[in-house]
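Please view the sequence and structure below first.

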Number of protein chains: 2
Amino acid sequence: MTPFKLTDELLAEIEQLIENQKNADLKALLEEVHYADIAEIANELDEEEATYLIKLLDSDKTSDILTEVDEDVREAILSNLSSKEIAEELGELDTDDAADIVGELPKEIVQEVISEIEDREHAKDIVDLLRYDENSAGGLMAKELVKVNENWNVLTCVKEMRAQAENVTRVHSIYVVDNEERLKGRLSLKDLLTTSTTTHIKDVYISNVDWVNVNEKPEEVAKIMSKYDLEAIPVIDEVGRLVGRITIDDIVDVIKEEAEKDYQMAAGISQDVEADDSIWDLTRARLPWLFLGLVGGVGAAAIMGGFEAMISKHAILFFFTPLIAAMAGNVGVQSSAIIVQGLANDDLKGSVGNRLIKEMLLALLNGVILAAILLLFTWFWKGEFLVALAISISLIAVILVAGFIGTFIPLFLHKRGIDPAIATGPFITTSNDIFGILIYFSIAKIVLGI
Amino acid sequence: MTPFKLTDELLAEIEQLIENQKNADLKALLEEVHYADIAEIANELDEEEATYLIKLLDSDKTSDILTEVDEDVREAILSNLSSKEIAEELGELDTDDAADIVGELPKEIVQEVISEIEDREHAKDIVDLLRYDENSAGGLMAKELVKVNENWNVLTCVKEMRAQAENVTRVHSIYVVDNEERLKGRLSLKDLLTTSTTTHIKDVYISNVDWVNVNEKPEEVAKIMSKYDLEAIPVIDEVGRLVGRITIDDIVDVIKEEAEKDYQMAAGISQDVEADDSIWDLTRARLPWLFLGLVGGVGAAAIMGGFEAMISKHAILFFFTPLIAAMAGNVGVQSSAIIVQGLANDDLKGSVGNRLIKEMLLALLNGVILAAILLLFTWFWKGEFLVALAISISLIAVILVAGFIGTFIPLFLHKRGIDPAIATGPFITTSNDIFGILIYFSIAKIVLGI
C-alpha cells in the first residue's frame, strides 16, 4: 500500500473545507482515508476544526478516530460533545476502548454518558471494565469474545457463535466454559469447520488453554503472549470464570510503551513525553535528572577541592578528570543496560555472584586494554611515566568499580521490586562520576606518594 | 496460567534422565511442557544432551523447539542431525521458519536437506523464500495463506478453504485473487459464515485491503501493522501478485528487536548482545565505544592543557569540569533520545528550524534554572562572585550548545539515511564533553578577563 503522508497541502485543504463548511467535499475527501490517518490529521487541527470533523463523519469511523488521537485532543473534542453524542461513539467501540475513554471523562458526566448508551449489555460490560486497575490484565481486556458451553453440540455452537460473532471484530479462539462460566478449554474455528454437527463440544475441545489472571501485570501478559506466540489470551477471575479476552494488538502497544519507557529512562527523561509536547512538560520530565547531574558535579568539585594541594605539582591529573568521569559513566551505563535488558527478557540465568564475577572479568579486560593505550599516550605526551602510570591504574580501578555498580544496582533494585530501568541513565552516570573521581585521586595520591 | 519457571532442580533432573537414558520418563516429564519452555531448557543443556532431547521427542514439537532455541544451540544441534532428520523438522514448520533455518545451514548441505523434504510443494515454497533479503518483507513472510479466486462462489470457496486451511495454523483473512494471482481484496471468515453459498466471491469481497510490497523494510511493515492494528498483511510482488503473508507474531519480534537495538545503541553497545554472551562477544560490542570515550577524554585533557595558565589563580574552574562535561552529556542524550524516538514513531511534525528553536528555548529554560542554583552555591562556597558567574554563564552556554547538537545530529543523520540511534549514546556524550569544556574555559577566560 502507498503509505499515507500528511502533507501541509492536505492539511491546508482540509482546514479550508472546514472553514467554508463544504461538508460533501470533506466527506468525499476523507472517504477512503483510514481512521488512524484521520486521527493524525485531527491532531494537527485546532479544537473547533477537530470537533467539526468528528461531528461531520459517521460515528463508526469517528469512534475509532477518537481512540487514536492524542489524549489532549480527545479531551478537547469530547468536551464539545453532548453526553448523547459521546454515548453514540462509545456504542461503536469495543468495550476495552470504550472503557478507556470513559475512564478519561470528567467524573460528573460519566453516569449520564453511560445511561445514554443504547445497547444496555454493552453499557454493562463497559461498567464492569471500569472496576479494574488500568495497570492490570483486567484493565487491558475486552468483554468481546466468543464462548460456548461444553454441554452444547457443534450445531448449537455454530448457531450461537454466529450471533456472538456479530459483536466480535476478530474471532481468534472459541472459548469453552462450564455451566458456572469457568474456563474449560478452547476450540479453533478450523476444528469447528471440520467436525460433524452432532458432536458434543465436551468431546472435541482442547483443554490445554493458556490464560492469565485478571490481576496480572500488563508486562507479564506481554511476555506470555510473545513467548508463546499467542494472538489472544482469555482472562479469568479469582474463581476461574472467563471474564474477558486480551488481543495481540493491545499487547503490541504495551511492548512499545515498555520499550519507550526504558529508553527514556536510560536517556534521563522521567515521564512519558514526546517531542511535540509543550516545553513545560518536557522540562518537568528532564530537569530533575539534570538537577541530579548538577548535584553530582558539585560533589565531584568538592572532592577535587579536597585534593587541591596536588594541583601545583601535578596539574595534569586534573586535566584527566573528564576522561575518568566519562569512562566511569560509560561503563556503568553499558553494564546496567545489559542487565536491565536481560531482566526485561527474563533471560538472566545463574547467580548474582557469577554475574558480578563475569562483569568484573569483562571490566578488567576492557580496562587493561584501554589503560595500556592511555599509558603510552600520556607517557609520550608529558614524559612523566609515574603520572601516566597513576592515571592508567586509576582507569582500571574506576572501570572495575563502575562495572560492579552498573551490574549490582539494577539486580538489587529488581530484587527489591523496583523497576531496574531507573538505574540506567543519569542515576548511574552521576554516582559513577563521583566514585570515579574519588578513586582516581586516591590512587594517584598513593602512586605518586604525595 | 502458572508461568513456567526453569529451576536448577528441574534442569538437574532432566540431565540425570538423559544420562541414564530414561526415555519414557523424559517424555512423560516434558509431555505437558510448551515448546518455548523446552527451548529454554535446551539452551542450558550441553550439545550432546540437547541433541539427545531433540532426537527423542516428536518432530512436530522439536521443530518448534528448534525455532526458539538460541542460534548457537540450534547450530550445534543441527550439526549432529542427518540431512534426512533436518528435512523432517523442516517439514513440520511453517515456510518462513523453515526458510530461516535453511538460511543458517552450511551451504554444502542445503541442497541435500531440501531434496529430503517429503512434501515437494513445501520444499518449493521454502526455496522461493530463500531468494528474499532477510531484511525485507519477503524475508519475513510465510507462504501459508488461504486464497480464493474471485470467480468462485461461496460453496467452492468453503471447500477449497478447508483443504488450504489444513496447512495454515492461523487463518486471519481469506485473500481474493484474480486469474493471474493478483491480489484483488479480502474476505473475513465471518463474512463467509454469514453469506449464501451460491453468491459469487466477486460480489462480496472487500476490495479495500492493506498490503505491503515484498521489498518493504521490516520496520516499515511493523509501523503499518501496528498503526492500522492489523494481525496479518498480504505481501505482493512487483506486478501485484500475492506471494505471501506476514503475521503479527513476527512483527512483535521485529518491534522488540528494534527497541533493543536502539536501547543498546543509547547505552554504547554496538552489536546485538545478551548478558549471557561470552566475555569476548561483549567486549567487541562495548570496547569500541569506550575507546571513543577515551579519545574524547584525551581531547578534553588537551583542551584543558591549553588553559593551564589559569590554574594558579582559578583552580576552582578545573574542579567544575566534570560538572560541565556531565551536564553537556546529559542534555545531549536527552535531546537526541526524544528526536530518535520521534523519528522512530513517525510523529515529528514541523520543520527542522522550528524543532531547533523549540529545543533552544527548552535548553535556555533548563539552563537558567540550573545556572541560578549553581551560581548561588558556588558564590557562597568560595565567595568569589565573578568566578561563580563565569561558571554559571558557561553552564547556560554549554547546555544550549549540547541541546543544539543533540537535536541537530540525529535529524541530520536521518536526512542522510543513517540510523539516527547511533547519535544517542557515547557518540553524543563524547563530542559534547569536548565542546562543553572548550566553551566553558573560553567563556571563563572572557568573564574573568584573563
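In this predicted model, a patch of negative charge gathers on the surface of chain A. Its members are A:E68, A:D70, A:E71, A:D72, A:E75, A:D100, A:D133, A:E134, A:D253, A:E257, A:D272 and A:E274. Helices α6 (71–79) and α16 (248–266) of chain A are the elements that give two or more residues to it.

**Negative patch, chain A**
- α6(A) supplies the largest share of the negative patch, with three residues.
- A:D100 belongs to the patch and sits in helix α8 (residues 95–104) of chain A.
- The relative accessibility of A:D100 is 41%, so this residue counts as partly exposed.

**Burial of strand β5, chain B**
- Strand β5 (residues 232–236) of chain B is largely enclosed by the rest of the structure, because five of its five residues are buried.
- Both faces of β5(B) are covered: one side carries the buried residues B:A232, B:P234 and B:I236, and the other carries B:I233 and B:V235, which are buried as well.

**Pairing of β5(B)**
- Strand β4 (residues 212–213) of chain B runs parallel to β5(B), and two bridges join them.
- B:N213 has B:I236 of β5(B) as its bridge partner.
- Strand β6 (residues 242–247) of chain B pairs with β5(B) in the antiparallel sense, over five bridges.
- B:P234 has its bridge partner in β6(B), namely B:R245.
- A hairpin is formed by β5(B) and β6(B), with five residues between them.
- In the turn of this hairpin, B:G240 has a positive phi of about 90°.

Terms used. Residues are numbered from 1 along each chain as its sequence is written. Chains are lettered from A and ligands numbered from 1 in the order in which they are written. This is a predicted model: local features need pLDDT of at least 70, side-chain atom pairs count only at pLDDT 80 or more; totals for chains, interfaces and linings use all residues. Side-chain values use heavy atoms; hydrogens and water are left out. Buried means under 20% relative accessible area, exposed over 50%, partly exposed in between (1.4 Å probe, protein chains only). Helices (H or I, at least four residues) and strands (E, at least two) are DSSP runs, numbered from the N terminus. Two strands pair if DSSP finds at least two bridges between them. Patches are made of residues with over 30% relative accessible area and no salt bridge: like charges are joined within 9 Å, nonpolar side chains (Val, Leu, Ile, Met, Phe, Trp, Tyr) within 5 Å. Accessible areas come from the Shrake-Rupley method with a 1.4 Å probe; for residues, only the protein chains shown count as cover. A salt bridge is a side-chain nitrogen of Lys or Arg within 4 Å of a carboxyl oxygen of Asp or Glu. Lys and Arg count as positive and Asp and Glu as negative; His and the chain ends are not counted. The place of a charge is taken as NZ of Lys, CZ of Arg, CG of Asp or CD of Glu.
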